[in-house]
Amino acid sequence: LRDTLSGYADAYLALEGPHNPGLTRRQIPVDAVTESASGVDPAISVANARIQALRVAKERGLKLQQVNGLIDDNRDRKLPLLLGETGVNVLLLNLALDNLEGSK
């Protein structure tokens, strides 16, 4: 399990690190390196979404402010994650990103 989680953390840092200079293992949200029983989660933590926002904005040709606004708009208080933290509904967020004018 330790090796698996370490591999997930390495992969997350490889993907998000270039967009978040200084990102460390300690800053990686738990949900970014763990799996649910089903393997299909409808939500990710706000912290995880914020880290990914920099990459998403760059890849879609959007301003970070636009992506962060959509993250806020798609927080789902009906889908509590760890310890009752609200999550970001990934499906709705992606649909909203797709509908933004100028998004790639």
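In α3, the residues Val 67, Asn 68, Leu 70 and Ile 71 are buried (under 20% relative accessible area; exposed is over 50%, and partly exposed is in between, with a 1.4 Å probe and protein chains only). They share a side of α3 because they cover an arc of only 160° around the axis, taking the directions from the helix axis to the C-beta atoms.

You're looking at a predicted model, where local features need pLDDT of at least 70 and side-chain atom pairs count only at pLDDT 80 or more, while totals for chains, interfaces and linings use all residues. Residues are numbered from 1 along each chain as its sequence is written, and side-chain values use heavy atoms, leaving out hydrogens and water.

The pLDDT (the predictor's confidence in each residue, from 0 to 100) averages 87 for the protein, and 84% of the residues score at least 70. Confidence is highest in helix α3 (residues 64-73), with a mean of 96, and lowest in strand β2 (residues 75-76), with 83.

## The overall layout

There are 4 helices and 3 strands here (DSSP runs numbered from the N terminus: helices are H or I with at least four residues, strands E with at least two). Along the sequence they run α-β-α-α-β-β-α.

The protein has 104 residues, and 35% of them count as buried. Among contacts (heavy atoms within 4.5 Å) with a separation of 6 or more, 52% are between residues 24 or more positions apart.

## A nonpolar patch

Leu 91, Leu 92 and Leu 95 make a nonpolar surface patch of about 290 Å². Patch residues have over 30% relative accessible area and no salt bridge; like charges are joined within 9 Å, and nonpolar side chains (Val, Leu, Ile, Met, Phe, Trp, Tyr) within 5 Å. A salt bridge is a side-chain nitrogen of Lys or Arg within 4 Å of a carboxyl oxygen of Asp or Glu. Areas come from the Shrake-Rupley method with a 1.4 Å probe, and for residues, only the protein chains shown count as cover.

Leu 92 sits in helix α4 and counts as partly exposed because its relative accessibility is 44%.

## A glycine in a loop

Gly 17 lies in the loop between α1 (2-16) and β1 (43-45). Neighbours within four places in sequence aside, Gly 17 is in contact with Tyr 12 and Leu 23. The C-alpha atoms of Gly 17 and Gln 52 are separated by 9.7 Å, with the two residues 35 apart along the chain.
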